[in-house]
Amino acid sequence: MSASPWLALALGIALAAGAAVVLGAITLRMSGHYLPLATIAWGLALNYTMANMEWLGKYDGILGIPTLKILGYDTGSGRGLHVLIWVFALLAALACVHLLDSRPGRAIRSLKSGATMAEAMGISTFRAKLTVFVIAAILAAVSGWLFAFFQRTVNPSPFSIAKGIEYLFMVVLGGVGHVWGAFLGAGVVRLLEDQLQKLLPALIGTSGSFETIVFGVILVVVLKYAPDGLWSFVARWIPRADRVRDWEGAAPLPAREKPAAGELLLQVQAVRKEFGGLVAVNDISFDLRAGEIVGLIGPNGAGKSTTFNLVTGVLSLTSGKVRYRGEDIAGLPSRAIARRGISRTFQHVKMIPEMTVLENVALGGYLRGKSGTLKAMLRLDRAEEKRLFAEAERQLARIGMADRMHELAGNLALGPQRLMEIARALCTDPALLLLDEPAAGLRHKEKQALGDVLRQLKGEGMSLLLVEHDMDFVMGLTDRIVVMEFGTHLMEGTPAEVQASPKVRAAYLGTEH
Ligand code: ADP
Ligand code: MG
């Protein structure tokens, strides 16, 4: 190491990043509590492995590490090294802050709200998780490198499972998802630990690691009363500034070539979905041509949303085929379907409540941008960000919500949240738009405005598949309507034909025919 500390740093980062890619690829597909358990297991396994390697000095580790010299200046192990550690810590924090406010960063933040929506926007949630895993590994490598010069020796004991738990505690206490929360959490834990180690033996009369018990109690209290961590209390005093609107005149994002009017766009062919014994969708077939608005209606539980999920790859089919522009898309992951130009909204709004309306909508533009993690960390992605936000604002303006773009999405009422989802779907530049009950929760005026927007979209050549409960809304809007009941295809026809059908009336009134 004395040869070149910088070579050691590069090697350490490469080793850690490589290991993270391998471990992540194996582990990150696990869900729920299996993932943390698996990472704990890796930690234990690697710790024991290293501690038993002869050439690494076993439990004694590597001794006699020299001090770090930078351009001839010896950082020593006092003030000089502390300054250096702070420089690294702040640079890392800045890179993370930059990342979180970017195209890949929004993808990472969307992981918190589950995978379905992110995947529907074309995001590979696995890749986003792996990115986070590798970044964490690189930061750990840099920390270990600094730690070696601080201690002048490296051995396995400080890297035990207990340390891992302590870091987790710092993050949870400070606030998961807040970069500065990690600093706050680390500071509080360190100071508290020092004080408790002095205070507790005096109080109890014997010495021992009693601070662990106090930390346990604190963790329970924090998780119960401040699940967002201590940083959320600090953040309350920092006024949230609106994003500077610097994207005026930004070049438009690339747009896809749209299918010609009348082209056979979507063919749903005898699709079937069984949940155990329940046949939720029973061999449903219908077509949709470019430029059409087709309505999918039916009583509650008829299988409309399930049909949507089959078309968009959220659920796997039991049997049947879905063709988009002639290509069989059944079985493709939903992000691959999104890439082909099908976008959707959800009956139960899926969004990132702690992001602004504008950022939520910009998430829809994910596939139309290219900036990656490194570019974002270095802030070399700003030109593309402007284009993304210009597009997001344009789509918000289209549905009449541009004036609310800086609000937090979680603060909106249900109606505006639904509109925001439509703007997000439009931001993907779809050729086919699937809307699941877009008018639910809207007031009369808002419904009319939404109807106008959808008509305008149709006028521009957009194709729409619409699930709706509000009969009047679909009647005035659709070219054709498919009626479902108990998973089956009840009838298909023009709005007038459907309205006149005694079968449909019976289905809706719940009477036997
Ligand atoms: P709709 O959207 O027409 O109201 P859905 O497609 O949501 O109806 O549901 C159709 C049927 O499938 C319902 O009986 C519902 O309970 C059932 N269902 C939907 N999703 C699931 C699931 N993930 N697991 C089990 N049953 C489901
Ligand atoms: Mg539904």
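This note goes through a predicted model point by point, from the whole chain down to single residues.

1. Overall make-up. The model is a prediction, and its chain holds 20 helices and twelve strands. Taken along the principal axes, the C-alpha atoms fill a box of roughly 90 × 55 × 45 Å. Of the 513 residues in the chain, 44% are buried. Among the contacts with a separation of 6 or more, 71% are made by residues 24 or more positions apart.

2. Domains. The chain is divided into three parts, with domain 1 covering 1–159, domain 2 covering 166–239 and domain 3 covering 265–509. Between the C-alpha centres of domain 2 and domain 3 there is a distance of 44 Å.

3. Helix α3. This helix runs over residues 79–100, and its 22 residues reach 31 Å from the first C-alpha to the last, close to the 32 Å that is expected at 1.5 Å a residue. Its buried residues are Gly-80, Leu-81, Leu-84, Ala-92, Ala-93, Ala-95, Cys-96, His-98 and Leu-99. These buried residues pack against β1 (69–70), β2 (73–74), α4 (103–109), α6, α8 (179–204) and α14 (373–377).

4. Aromatic pairs. How many aromatic pairs does the structure hold? There are eight aromatic pairs in the structure. One of them is formed by Trp-6 and Trp-145, whose rings are tilted, with 5.3 Å centre to centre and 40 degrees between the planes. This pair links distant parts of the chain, since Trp-6 belongs to helix α1 (residues 5–27) and Trp-145 to helix α6 (residues 125–151), 139 residues apart. The two partners can be set side by side: Trp-6 counts as partly exposed because its relative accessibility is 40%, whereas Trp-145, at 6% relative accessibility, counts as buried.

5. Because Trp-145 and Phe-149 are four residues apart in helix α6, about one helical turn separates them. Phe-149 has a relative accessibility of 2% and therefore counts as buried, the cut-off being under 20%. Ring pairs join Trp-6, Phe-88, Trp-145 and Phe-149 into a cluster.

6. The open sheet. Four strands make up an open sheet with antiparallel pairing, in the order β4-β3-β6-β7. The edges are taken by β4 and β7 (327–328), each of which has a single partner strand, so one side of each is left without a neighbour in the sheet.

7. Strand pairing around β3. Strand β3 (residues 264–275) pairs with strand β4 (residues 278–289) in the antiparallel sense over eight bridges. The two strands form a hairpin with two residues between them, and Gly-276 in the turn has a positive phi of about 60 degrees. Five bridges join β3 to strand β6 (residues 319–324), and these strands also run antiparallel.

8. Helix α17, length and buried side. Helix α17 (residues 444–459) has 16 residues, which at 1.5 Å a residue should span 22 Å; its end C-alpha atoms are 23 Å apart, and so the two values agree. The residues buried in α17 are Glu-446, Leu-450, Gly-451, Val-453, Leu-454 and Leu-457. Because they cover an arc of only 165 degrees around the axis, they lie on the same side of α17.

9. Which exposed residues are carried by the face of α17 turned away from its buried side? That face carries His-444, Lys-445 and Gly-459. The buried residues of α17 are covered by elements that include β5 (293–297), α15 (382–398), α16 (414–427), β9 (432–436), β10 (463–467) and α18 (471–475). Just after α17, Gly-461 takes a positive phi of about 100 degrees.

Note on methods:
Residues are numbered from 1 along each chain as its sequence is written. Chains are lettered from A and ligands numbered from 1 in the order in which they are written. This is a predicted model: local features need pLDDT of at least 70, side-chain atom pairs count only at pLDDT 80 or more; totals for chains, interfaces and linings use all residues. Side-chain values use heavy atoms; hydrogens and water are left out. Domain bounds come from an automatic or database domain assignment. The expected span of a helix is 1.5 Å times one less than its number of residues. Buried means under 20% relative accessible area, exposed over 50%, partly exposed in between (1.4 Å probe, protein chains only). The arc is that of the directions from the helix axis to the C-beta atoms. Contact means heavy atoms within 4.5 Å. Two strands pair if DSSP finds at least two bridges between them. Rings of Phe, Tyr and Trp (its six-membered ring) pair if their centres lie within 6.5 Å; planes under 30 degrees apart count as stacked, over 60 as edge-to-face and the rest as tilted.
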